[in-house]
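Here is a friendly walk through the packing and the charged pairs of this chain. Please have the viewer open as you read.

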Amino acid sequence: MALNELTILFVEDDPVFRKLVTSYLISRGAKVVEADDGEQGLNSFKAERFDLVIADLSMPKLGGLDMLKAMNQYRPGTPSIIISGNQAMSDVIEALRHGACDYLVKPVSDLYLIENAIRECVNDSLEDSLNFDEQESLSYLELNENLALLEQCGEAAKSVQQQLFPPSRIEYSGVVIDYSLFNTDEVSAHFIDTAMIDENHVMMYMAHFHPHDNRAAFASVLLKSFVNHKLKLYRNGISQSITEPFNMLIYLNDRMSKSGLGIVADMTYIVVELTHYRAAIAQAGSEFRCYLKNSEGLSPIALAGSLQLGMANWSKPSLQFRTLQFGEKLCISTVVNEHKQQLLNNQFHGLVHKPDSKPGGYMQLSLK
């Protein structure tokens, strides 16, 4: 399937590589506007609407990430792909955090890789995409090259993972999310994330990776990348899965089991619909408990037991629905008494390194 009807902005300071990719994309049916630095790319972006932006990471005048940030402020939601010779994991993370839907590393040995990444970003059907072991994002192929580094270097793994954690308090329109996570080693076995899906839905999740080693950092990046992929599909009207916890855990189980990491994960994933304050909760594994919190304390939410994500005989997650009443808060916590007490005492510190504490933590969603 060609790239007909797509208008692409390609920002690249290497004229040979730029012309090579541009000629290929035009031969596949796309309209391509070229720019040789970030400032020129941003000006072109403001002057014309594009279906997709492809940008080098390191460019004169305005780098790819800074350009991407500026574009998101001017016209949010435009899909983007980063292509770069810089393979630093911190750059991968920054690209993901600022909305890039894929990250490819130079030299790009086969231009079909770029075409497939474009199709993924603009949400053509997966059946029409090229098949790379059924991975939904080429980000996995690029990130996998860094797995050996993360396994060998604890400091690199720690740096990668810590950049993914949000501040201890995240404020959205109508919702506040607070959390504390305590890790005993350099890399946390636990991971949390949250996003305002649209004006009526907010999601949060908490995950626990086994075994607890440097691969947990890599698993955190993968998990966030997979969730970002579904978030983009939703915002482009392609898939509702990001708002459906049951289907999200089925999807994430498939991705984790095919990742090649040899890691399994406990996970609780929650979406709150803000018009009626209705929460949908799905859970895999036994690491976490969900609670409704009010002035009288914590009330557990019953969820049936299920296997961890990534296990060969995994079947389906447990599911529960709740409607939040005035003054109630929705919480996820590890099964540790001191964590429950700290949750009751509203002790929220974000990510904390405490070698003498029990690993784990808690997060809380409050309605404004």
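A nonpolar core here is a set of buried Ala, Val, Leu, Ile, Met, Phe, Trp, Tyr and Cys residues joined through side-chain atoms within 4.5 Å. Buried means under 20% relative accessible area, exposed over 50%, and partly exposed in between (1.4 Å probe, protein chains only). The model is predicted, so local features need pLDDT of at least 70 and side-chain atom pairs count only at pLDDT 80 or more, while totals for chains, interfaces and linings use all residues. Residues are numbered from 1 along each chain as its sequence is written, and side-chain values use heavy atoms, leaving out hydrogens and water.

The largest nonpolar core holds 64 residues, and Phe209, Leu252 and Leu330 have the most contacts inside it. Helix α9 (residues 215-235) supplies the largest share, 11 residues; helices (H or I, at least four residues) and strands (E, at least two) are DSSP runs, numbered from the N terminus. Apart from this core lies another, of 23 residues, including Ile81 and Leu113.

Now to the charges. With a salt bridge taken as a side-chain nitrogen of Lys or Arg within 4 Å of a carboxyl oxygen of Asp or Glu, the count comes to 12. Three of them are listed below.

| Salt bridge | N to O distance |
|---|---|
| Glu34 and Arg18 | 2.9 Å |
| Lys19 and Glu34 | 3.2 Å |
| Asp193 and Lys224 | 3.3 Å |

Arg18, Lys19 and Glu34 are linked in a network of salt bridges. Glu34 lies in strand β2 (residues 31-35) and Arg18 in helix α1 (residues 15-27), so their pair ties together parts 16 residues apart in sequence. Arg18 counts as buried at 11% relative accessibility, whereas Glu34 is partly exposed at 24%. Both Asp193 and Lys224 are buried.
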